Amino acid sequence: MREVWGRVVRLLAADDPETGRLVRLLLSLILAWSLVAAEPDRVPALLWSALGVSMACWLAFVLLDGRFPRVAVAALAAGSAVSAAVSGSDEPAPTVFVFAMLLLFAAHMTPSMAAIAAVTVTDLVLMIGSLLWWEQSRSAIVVRGTVVILTVLFALQRRQYRQAQHDRARAMALDERTRIARELHDVLAHSLGALGVQLEVAEAMLTERGDVEGAVARVRRARALAREGLVEARSAVAALREDVPPLPDALSVLVAEHRRDHEVPAELRTTGTRRPITPAAEVCLLRTAREALTNAAKHAPGEPVTVEIGYGEGAVRLVVRNPYASAGPSSGHGLQGMRERLALAGGTLSAGPSRGLWEVRAEVPE
């Protein structure tokens with residue numbers, strides 16, 4: 001019994017609070033109660049027929065909304081119109097049907113605003129005509145018309161709120177997808193770039209020098225890089241936020257790996273007073289440095305690289321310099337990904353030739 005109740009609670013918790021199963025169940029009970037409470041002697045056959053049609057439309061909506069939402073809301077609109085046409089009688093059941101069905105129709109996400117306006121006007125006209133036919137007072141016409149308008153406005157407000165929530169969730173999902181794409185690019189560009197260099201050197205050692213031991217060492221390093229890249233790729237796919245060491249320490253490891261993997265001079269310089277910065281700024285600068293080093297190895301192989309981290313007033317600056325290659329950097333997604341990542345942290349990026357060197361300069365606020 002406890003397990004069944006737990007499933008019911010989870011089902012209701014995951015449901016739409018505006019037009020979901022619980023709301024439909026409550027409205028179904030209210031509509032059924034209004035039919036049961038009607039006095040048969042006071043209800044003419046025409047009124048009973050209209051209520052029967054409206055109830056059938058309501059049941060059609062409940063049964064069809066999951067698979068055929070347009071047909072379902074059309075049935076809902078038809079049922080509200082039929083009820084409005086007989087709502088001028090003294091029996092409260094038709095009025096209950098009108099308000100319940102019109103409320104759910106206006107709150108539903110399927111019909112357009114034009115359709116909601118058309119159904120509301122149609123129901124108002126039919127209701128006013130029915131009230132005049134049954135010779136109801138002008139005050140009753142004004143009160144019911146006002147309540148109908150207020151009901152629709154309330155439903156539209158709730159619909160607008162839900163639409164805003166949906167758009168916000170969609171925007172967050174797109175941002176997360178963009179972030180994962182950047183992380184995947186960084187991981188693959190770094191890992192596969194270094195892996196390719198190791199395999200090229202191993203091939204040269206085997207074919208040109210006959211250095212089997214050196215080639216085996218390179219292959220082992222390539223295998224280690226592949227393993228590390230796979231681990232990082234899985235982390236990026238899972239969108240996990242990994243903890244990173246302090247920025248200077250992480251940059252020192254990155255520069256040492258670049259020096260070892262590519263056998264080029266690589267130096268890290270630190271200026272200013274070292275101090276903690278936000279995790280977002282640390283991750284942005286570290287990823288930028290990794291991308292810049294990957295580009296340096298690709299477009300200026302064998303050339304020295306200098307990485308400089310500077311702590312200024314209210315900002316931290318990263319500069320990566322290497323000799324300028326005649327081919328220049330590729331027009332891939334690396335620079336664009338760096339700019340997007342830094343922009344999310346409020347930072348800026350510039351890249352281009354400077355005094356005979358290719359310079360990548362990134363700056364983020366603390």
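**Helices, cores and loops**

Author: Let's start with α2, where Arg 24, Leu 27, Leu 31 and Ser 34 are the buried residues. Keep in mind that this is a predicted model.

Reader: How are the buried residues of α2 placed, seen down the axis?
Author: They fall within an arc of 90°, so they line one face of α2.

Reader: And which exposed residues are on the face turned away?
Author: Leu 29, Trp 33 and Val 36 are the exposed residues there.

Reader: What do the buried residues of α2 pack against?
Author: They pack against α3 and α5.

Reader: How far does α2 reach?
Author: From first C-alpha to last, α2 reaches 24 Å.

Reader: OK, α3 next. What span should it have?
Author: Helix α3 covers residues 45–64, which is 20 residues. At 1.5 Å a residue it should span 28 Å. Its end C-alpha atoms are 28 Å apart, which agrees.

Reader: Which residues of α3 are buried?
Author: Leu 47, Ala 50, Leu 51, Ser 54, Met 55, Cys 57, Trp 58 and Phe 61. Down the helix axis, these buried residues fall within an arc of 155°, so they line one face of α3.

Reader: What's on the face turned away from the buried side of α3?
Author: Two exposed residues sit there, Ala 45 and Leu 63.

Reader: And what covers the buried residues of α3?
Author: The cover includes α2 (21–37), α4 (69–85) and α5 (93–107).

Reader: Let's talk cores. How many residues does the largest nonpolar core have?
Author: It has 36 residues. Trp 58, Phe 61, Leu 76 and Phe 105 have the most contacts inside it.

Reader: Which elements give two or more residues to this core?
Author: They are α2, α3, α4, α5, α6 (113–133) and α7 (138–209).

Reader: Which gives the most?
Author: That's α5, with eleven residues.

Reader: How many aromatic pairs does a search of the whole structure find?
Author: One. It is formed by Trp 58 and Phe 61, with 5.6 Å centre to centre and 40° between the planes. That pair is tilted.

Reader: Where do Trp 58 and Phe 61 lie?
Author: Both lie in helix α3. They are three residues apart, about one turn of the helix.

Reader: Are Trp 58 and Phe 61 buried or exposed?
Author: Trp 58 is buried, and Phe 61 is buried too.

Reader: New topic. What about Ala 115, which helix is it in?
Author: Ala 115 lies in helix α6. Its relative accessibility is 26%, so it counts as partly exposed.

Reader: How far apart are Ala 115 and Ala 77?
Author: In sequence, 38 residues. In space, they are 9.4 Å apart, C-alpha to C-alpha.

Reader: Now the loops. What is the phi of Glu 263?
Author: Positive, about 55°, although Glu 263 is not a glycine. Its place is in the loop between α9 (247–262) and β1 (266–271).

Reader: Is Glu 263 buried or exposed?
Author: Glu 263 has 57% relative accessibility, so it counts as exposed.

Reader: And Arg 355, where is it found?
Author: In the loop between β4 (348–354) and β5 (357–365). Arg 355 has a positive phi of about 55° although it is not a glycine. At 74% relative accessibility, Arg 355 counts as exposed.

Reader: Last, the whole chain. How many helices and strands?
Author: Eleven helices and five strands. The chain has 366 residues, and 41% of them are buried.

Reader: What's the accessible surface of the chain?
Author: About 20,700 Å², with 62% of that belonging to carbon and sulfur atoms.

Reader: And the contacts?
Author: Take those between residues at least 6 apart in sequence: 71% join residues at least 24 apart.

Conventions: Residues are numbered from 1 along each chain as its sequence is written. This is a predicted model: local features need pLDDT of at least 70, side-chain atom pairs count only at pLDDT 80 or more; totals for chains, interfaces and linings use all residues. Side-chain values use heavy atoms; hydrogens and water are left out. Helices (H or I, at least four residues) and strands (E, at least two) are DSSP runs, numbered from the N terminus. Buried means under 20% relative accessible area, exposed over 50%, partly exposed in between (1.4 Å probe, protein chains only). Contact means heavy atoms within 4.5 Å. Accessible areas come from the Shrake-Rupley method with a 1.4 Å probe; for residues, only the protein chains shown count as cover. The expected span of a helix is 1.5 Å times one less than its number of residues. The arc is that of the directions from the helix axis to the C-beta atoms. A nonpolar core is a set of buried Ala, Val, Leu, Ile, Met, Phe, Trp, Tyr and Cys residues joined through side-chain atoms within 4.5 Å. Rings of Phe, Tyr and Trp (its six-membered ring) pair if their centres lie within 6.5 Å; planes under 30 degrees apart count as stacked, over 60 as edge-to-face and the rest as tilted.
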